[in-house]
Amino acid sequence: MIATLVIFMREGIEASMIVAILLAYLNRIGQRRYFRDVFIGVGAALALAAAGGIAAYLTIRQYDGSNVQTIFETCTYLLAAVVLTYMTFWMRGHARGLSGELRARTDAALTRGARTGLALLAFQAVGREGLETVVFTLAIVFSTSTQGALLGAVVGLVISLAIAFVIYRLGHRLNLSRFFTVIGALLMFFAAGLLADAVQNMQELGWLNFLAQPLWHTGGVLSEDGTLGDIAHSFVGYADSPTALQLLVYVCYLAAVLFFFLRVGRRAKTTAGHAVAVPARTSPAPTSPAPTSPAPTSPASTSTASTSPAS
């Protein structure tokens, strides 16, 4: 539940931020008639992502308990960990320039042909977030209970929409660098857990036959089958009987990515403009009349004064 809550909250805020930037900029330049095209692109992206995720889930559930499902889960874990790591570092470095980039792409779309261009721009931007969310959700659903994952997704989405409303409708500002730093650091623990789950599956499949002995057994204190154990497993990769290889991969990954992630954060603090705001939702300012050309000067005013002859 906690994992999907954080994922949906993060992805929901990023997607709503993109849509809000597009709509606010169109409103500012007096192109509100293209709102409909943005919404068409957003709706198509969300529908495609949801349909793809449901289809993938129902298909793989037909192989419940087989090696096919285990292999699919392993691939999903690895893919989700890679995408999550890349996405977190990318957004940390591009959060401050995202608004300007979207405005430039909007201008380009308006130049080429607004209706199709804006719909494709919204589809591409929101579709990327939707695809990421589907991959992460599949990985979480396979590693925890379906009911808990869905509940966390709903709560996270509601929170993200509430935050988006406060930011973009009430005019508040959000320090995006700080927000994505905190959320990104939390999601690194989630990615480390996914890698540990992938290692466990590969050891069960016989692909990794070394360091396969469990280091300890804490199922009597906190079992993965219980509610708290399930939450800890889905979010931070808790295992009640971890193998040496699982622990090694978990610790090495977490130490490496947190070191570089926080190092990037310290560099980012040296530059200005950490807070990113959506362009103001104002009407286009009336254009001022072109300045009139200056009146011609008379020759007398430009001629130099003659000197009087010496006496």
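This is a predicted model: local features need pLDDT of at least 70, side-chain atom pairs count only at pLDDT 80 or more; totals for chains, interfaces and linings use all residues.
Trainee: How is a pair of aromatic rings described?

Mentor: A pair of aromatic rings is described by two things, the distance of the centres and the angle of the planes. By the rule used here, the count comes to two aromatic pairs. Take Phe89 and Phe261. Their ring centres are 5.5 Å apart and their planes stand at 85°, so the pair is edge-to-face. Planes over 60 degrees apart count that way.

Trainee: Which helices hold Phe89 and Phe261?

Mentor: Phe89 lies in helix α3 (residues 67–94), and Phe261 lies in helix α9 (residues 244–268). The pair therefore ties together parts that are 172 residues apart in sequence.

Trainee: What about the rings of Phe259 and Phe260?

Mentor: Their centres are 5.2 Å apart and their planes are at 80°, so this pair is edge-to-face. Phe259 is partly exposed, with a relative accessible area of 46%. Phe260 is partly exposed too, with 45%.

Trainee: On to charges. How many salt bridges are there?

Mentor: Look for a side-chain nitrogen of Lys or Arg within 4 Å of a carboxyl oxygen of Asp or Glu. By this rule the count comes to four salt bridges. Start with Arg10 and Glu11. The closest N and O atoms of that bridge are 3.3 Å apart. Arg10 and Glu11 are both buried.

Trainee: Which residue meets Glu14 in a salt bridge?

Mentor: Arg128 does, at 3.7 Å from N to O. Glu14 lies in helix α1 and Arg128 in helix α5, so the pair ties together parts that are 114 residues apart in sequence. Glu14 has 2% relative accessibility and counts as buried. Arg128 is partly exposed, with a relative accessible area of 33%.

Trainee: Which residue forms a salt bridge with Glu129?

Mentor: Again Arg128, with the closest N and O atoms 2.9 Å apart. Glu129, at 2% relative accessibility, counts as buried. Now put the partners together. Salt bridges that share partners join Arg10, Glu11, Glu14, Arg128 and Glu129 into one network.

Trainee: Which helices supply the lining of the largest pocket?

Mentor: Four of them each supply at least two residues: α1 (2–28), α2 (35–61), α5 (114–143) and α6 (146–168). Helix α6 gives the most, with 10 residues.

Trainee: Which residues make the nonpolar surface patch?

Mentor: Leu215, Trp216, Leu247 and Val251 make a patch of about 330 Å². Trp216 lies in the loop between α7 (176–204) and α8 (227–236). At a relative accessible area of 38%, Trp216 is partly exposed.

Trainee: Last, the backbone. What is the phi of Leu211?

Mentor: The phi of Leu211 is positive, about 50°, although Leu211 is not a glycine. Leu211 lies in the loop between α7 and α8. Leu211 is partly exposed, with a relative accessible area of 43%.

Technical notes. Residues are numbered from 1 along each chain as its sequence is written. Side-chain values use heavy atoms; hydrogens and water are left out. Rings of Phe, Tyr and Trp (its six-membered ring) pair if their centres lie within 6.5 Å; planes under 30 degrees apart count as stacked, over 60 as edge-to-face and the rest as tilted. Helices (H or I, at least four residues) and strands (E, at least two) are DSSP runs, numbered from the N terminus. Buried means under 20% relative accessible area, exposed over 50%, partly exposed in between (1.4 Å probe, protein chains only). Patches are made of residues with over 30% relative accessible area and no salt bridge: like charges are joined within 9 Å, nonpolar side chains (Val, Leu, Ile, Met, Phe, Trp, Tyr) within 5 Å. Accessible areas come from the Shrake-Rupley method with a 1.4 Å probe; for residues, only the protein chains shown count as cover.
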